[in-house]
Protein chains: 4
Amino acid sequence: MTDEMGDLRGKEIKVLDQGFIRLVDYMGSDDAIVEAARVSYGIGTKKKREDRGLIRYLLRHQHTTPFEMVEFKFHVKLPIFVARQWIRHRTANVNEYSGRYSVMEDQFYVPALSEIKGQSTTNRQGRDECEVDPELAKTFVTFLNATHRSLYDEYLRFVDAGIAREIARIGLPLSLYTQWYWKIDLHNLFHFLKLRLDEHAQAEIREYANAMSQMVKSVVPVAWEAFEDYQLKSLAFSALELRYLQNQLLDLDLSDEALVAIGLSKGEAGEFREKLNKIGKLS
Amino acid sequence: MTDEMGDLRGKEIKVLDQGFIRLVDYMGSDDAIVEAARVSYGIGTKKKREDRGLIRYLLRHQHTTPFEMVEFKFHVKLPIFVARQWIRHRTANVNEYSGRYSVMEDQFYVPALSEIKGQSTTNRQGRDECEVDPELAKTFVTFLNATHRSLYDEYLRFVDAGIAREIARIGLPLSLYTQWYWKIDLHNLFHFLKLRLDEHAQAEIREYANAMSQMVKSVVPVAWEAFEDYQLKSLAFSALELRYLQNQLLDLDLSDEALVAIGLSKGEAGEFREKLNKIGKLS
Amino acid sequence: MTDEMGDLRGKEIKVLDQGFIRLVDYMGSDDAIVEAARVSYGIGTKKKREDRGLIRYLLRHQHTTPFEMVEFKFHVKLPIFVARQWIRHRTANVNEYSGRYSVMEDQFYVPALSEIKGQSTTNRQGRDECEVDPELAKTFVTFLNATHRSLYDEYLRFVDAGIAREIARIGLPLSLYTQWYWKIDLHNLFHFLKLRLDEHAQAEIREYANAMSQMVKSVVPVAWEAFEDYQLKSLAFSALELRYLQNQLLDLDLSDEALVAIGLSKGEAGEFREKLNKIGKLS
Amino acid sequence: MTDEMGDLRGKEIKVLDQGFIRLVDYMGSDDAIVEAARVSYGIGTKKKREDRGLIRYLLRHQHTTPFEMVEFKFHVKLPIFVARQWIRHRTANVNEYSGRYSVMEDQFYVPALSEIKGQSTTNRQGRDECEVDPELAKTFVTFLNATHRSLYDEYLRFVDAGIAREIARIGLPLSLYTQWYWKIDLHNLFHFLKLRLDEHAQAEIREYANAMSQMVKSVVPVAWEAFEDYQLKSLAFSALELRYLQNQLLDLDLSDEALVAIGLSKGEAGEFREKLNKIGKLS
């Protein structure tokens, strides 16, 4: 858990056509999680668990408070329609560029042709896997570019003519870029990333989530690994589903050897067995 | 504190040209504030304070938890640029119309000519008191109407052609109406209203705050009166300013009679004297 | 989803030896969840999903905002050591009895003999399944009763002698009962209940969670059923574990008929298949 | 705003008889506040305000988000009755020592004789200015010491005999020390300090607030000065009170010279005049 990756402050990743995410500052690391968790154990702790095991244990058992002890601050440039999804995560601090104080910059998001997809037929919320007709996509991009140009020119014209900025801006489109400082603790950031890395999230915000993931992974590599294993790539089955899976899982080899062989610690193996036993009790 | 105003659920007030605010539901009243506050007093309370006095006392002393025991739920239709200011109040619950699931409706905000004002010269954030040249205002309104028409037509055309709704919408302007359910407790609502009724708030969100104020005042008339007196129309002076005011305030008549005559209770009069004494100690 | 259970306001359940939980008020029902969710669908919604299906869908997909639209307010009497665990849930409103304003009442929690168990050997946090030696348990109860009597007598004596209540109380034990009003929305209440109904939660707070569950189930029966199926009785498997389970799950009958037979809707069956397909992609 | 005070991480201040507060880590400084605020101004900002003026402006106008960009993490050892007041501040992260996992340490708070005061007669909440009879105070301290000794001995005895820690502890008193990591942003910390430095706060928690103030003042000296001037030592007058003060304030010299002489900037002088003008409009 040493800081061998060097200081990551100031690291910036380009996102979308004109956006970025920059890691302004952070407080804490994997060590800070462990340190906070050990406050709970005090003199009653006989043997020091290994740090990685402890972090995995905490995450697995939803002991989330030690993860709240790590804090990240990002500078993000993002289109307004993305900002509107992002801001729904309330447990964070935000300081946004103000279109009342300042003239908005002439920057708008235009999706790459390959990102212009059809309405999903199976998922009412999202876009399809397959792209739309290339001609349609081009028409759309041409439309966006022309709209951006003319709306921004009019905006500037009205601002120059003296109309208050807060009113002049209301004709600008949702593709307009804004920017903000955004600060959040690791526990809430994991929650944000779980939702925004998901395939149901809109592709544009997923790009930001991906960029952020790289940064977070560098700052807290051990916590990130646990997050991937236990949250991001985990699957939950409902009571009904578990009852149906039950019979299939009866004759699994649940010996320590078998389970340690797939990468579980002995403690983790024990908890896995316990979990499968619970399924047996459900029926 | 009786419910003589009848049930206010369902009451709707028109706001701006096409928006509204509707009181969907609420839980509690002035009585609920008093009831929660009395939990703190228990058997140690000898005499029952009068309810109005208690509510004023709580608000004056920032004992805010009893006000959190009252909850309001509103249905609001509002332009997106207003929604973006509104959502910054994080301690609330929101359920918004989704432009990913559904086709956006053809409704856009166009300000009345009288609302199109110049950029304020004293306040970098806001608009001026005086209106801009009427011709300029008309040009702006004409521009907005034409823009709304053409952008919405294009939006529909691209949606109909099969482009995913979540992408097709990004060319729509910030004047587009959205709607949401918004739920908040009375303490946080007072905070929202204090900021959004302020003359520095943008005129459009102030209209919503005004409409909401009428509803809140009807549901909790006594708390509202205290809020007006102690928060909305109160003024705070800094330590530096107080030192300067000090001499002017030396020979005030602070007798109970004088203070009761202006509407303070005896307890409130005592606290007022105490406050003025503090100024004396500051120098 | 009719209100056939009658009004539940005022319903009280005894908890522990002298505690209780009382449902003071609530706002909303299963209908309120559906109503809020439908705001998201607007004119784009072609066919009205069945309400139960919609609620299950929302919970399954962590669309949690509609659940935040229902609010509960409880009056709870509980020992201080339980209150200290409870208060860690921050997204709630609390108004507690004050030992500074009022004399604490003479009420202390003494566990039933059957609840006095040994330190768990497998779970460093909790108590054992099996009871301790009956004599030891009796000694402990005798000790508690004597302690409560003498500490409370001393407390009263010092308060009567004129020592400030806020100081006199510091010798009182954690078994002392306090009381509060506690208000929370359904989404956060489900989170509280998931953690506090868990077998790792301390038995005493679990009793309160159980009592609350009965009340919540009566107010929002459909949401409760979904909560039980998808959260309370669900199990999550980590990426490592899923890889191990994978082979066992290959030859499951995943036909609509088979899955509808176990109680899934067709939509739910489709999502179950999708989930199992993901496991295949993990390896 | 340079970091001439050296790194303050690790600085510890003793509080009460056995407690302490230690500054574990912090993120940001006065510069971070300014940096975040400037995001709002962007290209529209013509001239760079002076940093101190900007910070004062932000605080005066309740532009609180830039202050949220600074974060503090403390390690605190404190009696449980203090912890119960402290935890009511919900917008913070906490990781507390667990009496379920670990044996509680043998440390209890015993107030100094000079701190044992009578119940206030004017303020139902607090203790008096004057001390109680010295004999009474001594009796109380003797009682506490004896109680602590015997309760802790019994606690250990029951733990050693095998009773689960989570149950054995319930006889321990509220004077028992616990400890936690506590993380909070500067805006919320200011709010905490305003309430807990107040003369109505219990003396014990005020000691912690005082110690913390020293640390905060060193990390963000400019913000601290503004906090003192505009919040800590400011006074708010209600509408009723302002109407009464009105006449006294008519003939104040409000020229720039007079106001700059008392330490206001010209901008601040202008806002002061504006505020006094508002009083005139109230009548």
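A residue counts as buried if 20 or more other C-beta atoms lie within 10 Å of its own, as exposed if 12 or fewer do, and as partly exposed in between, with C-beta atoms placed from the backbone. The model is predicted: local features need pLDDT of at least 70, side-chain atom pairs count only at pLDDT 80 or more, and totals for chains, interfaces and linings use all residues. Residues are numbered from 1 along each chain as its sequence is written, and chains are lettered from A and ligands numbered from 1 in the order in which they are written.

**View 1. I167(C) in helix 5 of chain C.** I167(C) belongs to helix 5 (residues 165–168) of chain C; helices (H or I, at least four residues) and strands (E, at least two) are DSSP runs numbered from the N terminus. I167(C) has 28 C-beta neighbours inside 10 Å and therefore counts as buried. Neighbours within four places in sequence aside, I167(C) is in contact with P111(D), I116(D) and R127(D) (contact: C-beta atoms, placed from the backbone, within 7 Å). From I167(C) to Q214(C) the C-alpha separation is 39 Å, at 47 residues apart in sequence.

**View 2. Contact of chain C with chain A.** Chain C and chain A supply 27 residues each. On the side of chain C, two or more residues come from each of helix 8 (221–232), strand 8 (235–237), helix 9 (239–245) and helix 11 (266–282). Helix 9 of chain C gives the most, seven residues. The chain C side divides into 16 nonpolar, four polar and seven charged residues (nonpolar: Ala, Val, Leu, Ile, Met, Phe, Trp, Tyr, Cys and Pro; charged: Asp, Glu, Lys and Arg; polar: the others, Gly among them).

**View 3. Strand 8 of chain A and strand 8 of chain C.** The two strands run antiparallel and are joined by three bridges; pairing requires at least two DSSP bridges between two strands. F237(A) stands opposite L235(C).

**View 4. Helix 2 and helix 8 of chain D.** The axes of helix 2 (residues 51–60) and helix 8 (residues 221–232) of chain D come within 9 Å and cross at roughly 40° (axes: lines fitted to C-alpha atoms over the stretch in contact; angles: 0 to 180 degrees between N-to-C directions). The two helices are therefore oblique to each other (under 35 degrees is roughly parallel, over 145 roughly antiparallel, 65 to 115 roughly perpendicular, the rest oblique). Residues of helix 2 in this contact include I55(D) and L59(D), and those of helix 8 include A226(D) and F227(D). By class, the contact has seven nonpolar, no polar and four charged residues.

Technical notes: Contact = placed C-beta atoms within 7 Å.
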